[in-house]
Amino acid sequence: MRNERIGDYLVNQGQITPEQLQKVLEVQRESNGAKKFGDVVVELGFMSEVNFTKALAGKLKVKYVDLESIDINTEAVQKVPEALARKHTVIAIAITGKRLTVATNDPVNFIVLEDIKVSTGMDTVPVLATTSAINKAIGKNYSMQNVDSVVDSITAMNNDLGNAEDEESKDRVESAPIVKLATTIIENSYRADATDIHIEPFKTYTRIRIRVNGDLVELMNISSAVHSALATRLKLISGMNIAEKRIPQDGRFTQVVDGTTLDVRVSSLPMVNGEKIVIRILSTGQIALRKITDLGMSEYNYQLFESMLRVPHGVILVTGPTGSGKTTTLYAALGELAKPNVNVITVEDPVEKAIDGINQCQVNAKAGMTFAAALRSILRQDPDIVMVGEMRDSETADIGIRAAITGHLVLSTLHTNDAASTVVRLIDMGVAPYMVATSLIGVIAQRLVKVLCPECKVPRMTTEEENDLLGVEAPIQIFDAGGCPMCNNTGYRGRTAIHEIIHCTAKVSSIIAAGGGKEDIEEAARANGTKLLRDNAAQLCIQGKTSIDEVVRTTFTV
């Protein structure tokens, strides 16, 4: 049926239910046609953007393209002016003779295609891609061309930018090239999936590095003459005092990149050659919360985790070093637990993601709003589930454990190396062993391991030493990191989590109450079927998802 509506098509294909279709149409009516059908389906979580776009491609008989996995022709990109690409959400990706292949999110909008045809003088062939992928590709392919010109124009400005009087300096810093440079650095870092940006001043140059997949990668070097102006610009927009350059400062601001609002944290620290600025990029609540099925857990660990979340009261702890995805796991658990009939309250420092339907409370030490003070007040707010960002001190740990004993479900994080040592840490913090034994539901220790790029991983057989490490008898095929344009020559694309989950069964609890050590707890847990971090990482290596180097890096102990 040529004129079948997209909603009916999706129902017939079994992608959404008739009830979901009615809900989408209702929301669309309320918006008075301001929202497209596809946007509403994705917003309500009935389909992912990729699945909807693929279904639309099937209905319209148009080819679907994943822009992240193809090489975009630079010559083709330059055929379409940036303003036109942004206006119509399109990007040219290939040239074949006199035909230009254009990725669009609306292939039936012939006015757009005609516009491009007039502008380029070439016949256009539309292919379908997701809006977010097109926006990201536009940003990536056009902004990289702009960076050099921006840096040149700044260097051409007076070198005494940073030495001017503060008022004058403030006006200069508002000048276009510096503003553009600061914006471009954050945009390019976000598009490279970076979590942090380091702006480091040295005597003759300033180095800008970004942390991608846990490793620092150089983004660019700029003239040291520009550093002072760039630092002042970043301090200005993040609400710091630009006149004060002798003490560390913290600030934050938001920036919209490719349609996504980023929450950006900024920290400045005085160094020998100027201020070092570190920027942390946090994706805001606009990016959908992960479900617990998306955490990369093995089937066995997933079932353990799910059974822990069913327990009505007690303490669940997630542990691991900084940047190991603890908060993501906690948020996924909260998303699972937050039902309309329960009161969920969190105390965080800072609140990283705003979640609908959850009461979130920000710690403010200057005002006396510490974790412990907030936690005390929260317990008078009739909560069912409490999430404490981190058990930093004995007072917070004590109140959290007491809250669990009095019938609340408490989720929190701790910085320890593995699941068994978490219990020992709690007792070291001054919580009585019998209270830990009676309140603890379980502990999840996690790490992030890099995933090998499927395009360029290199197969080889294991050595004897590696066989011992992986726990196998005979040599098996494993993969090493290669390097190709798809993974920026790193050999890795993305990360996944490995987990070690200890369930506090009766046996484990009795060992804790008797003051047992880490080894005793670990032994009892392994007898219960706990898979250690090393086992999880080894399994991923055997499956060809990660390399032996990553297994050693994340789980090696003396």
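Predicted model: local features only at pLDDT ≥ 70, side-chain atom pairs only at ≥ 80, totals over all residues.
User: Switching to the nonpolar cores. How many residues are in the largest one?
Analyst: The largest nonpolar core has 41 residues. Leu317, Leu426, Leu440, Ile512 and Ile521 have the most contacts inside that core.

User: Take Leu317. What is it in contact with, leaving aside neighbours within four places in sequence?
Analyst: Leu317 then touches Met391, Ser412, Leu414, Thr422, Leu426, Leu440, Gly442, Val443 and Ile444. Two of these contacts, Leu426 and Leu440, are also on the list of residues with the most contacts inside the core.

User: What about a second core, which residues does it include?
Analyst: There is a separate core of 28 residues, with Ala182, Tyr190, Ile210 and Val257 among them.

User: Aromatics next. How many aromatic pairs are there?
Analyst: The structure has two aromatic pairs. In one of them, the ring centres of Phe37 and Phe52 are 6.4 Å apart and the planes meet at 40°, so this pair counts as tilted.

User: Where do Phe37 and Phe52 lie?
Analyst: Phe37 is in helix H3 (residues 37-43) and Phe52 is in helix H4 (residues 49-60), so the pair links parts 15 residues apart in sequence.

User: Are those two buried or exposed?
Analyst: Phe37 is buried, because its relative accessibility is 11% and the cut-off for buried is under 20%. Phe52 is buried as well, at 10%.

User: What is the geometry of the pair formed by Phe202 and Tyr205?
Analyst: Phe202 and Tyr205 are also tilted, with 5.4 Å from centre to centre and 35° between the planes.

User: How do Phe202 and Tyr205 count by relative accessibility?
Analyst: Phe202 has 30% relative accessibility and counts as partly exposed. Tyr205, at 31%, counts as partly exposed too.

User: Last topic, charges over rings. Which ring does the charged end of Lys450 sit over?
Analyst: The charged end of Lys450 sits over the ring of Tyr492, 4.9 Å from the ring centre.

User: And which ring for Lys531?
Analyst: The ring of Tyr300, with the charged end of Lys531 placed 4.4 Å from its centre.

Conventions:
Residues numbered from 1 in each chain as written. Heavy atoms only, no water. Phe/Tyr/Trp six-rings, centres within 6.5 Å; stacked < 30°, edge-to-face > 60°. Helix = DSSP H or I, 4+ residues; strand = E, 2+ residues; numbered from the N terminus. Buried < 20%, exposed > 50% of the residue type's maximum accessible area, 1.4 Å probe, protein only. Lys NZ or Arg CZ within 6 Å of the ring centre and 35° of its normal. Core = buried A, V, L, I, M, F, W, Y, C linked by side-chain atoms within 4.5 Å. Contact = heavy atoms within 4.5 Å.
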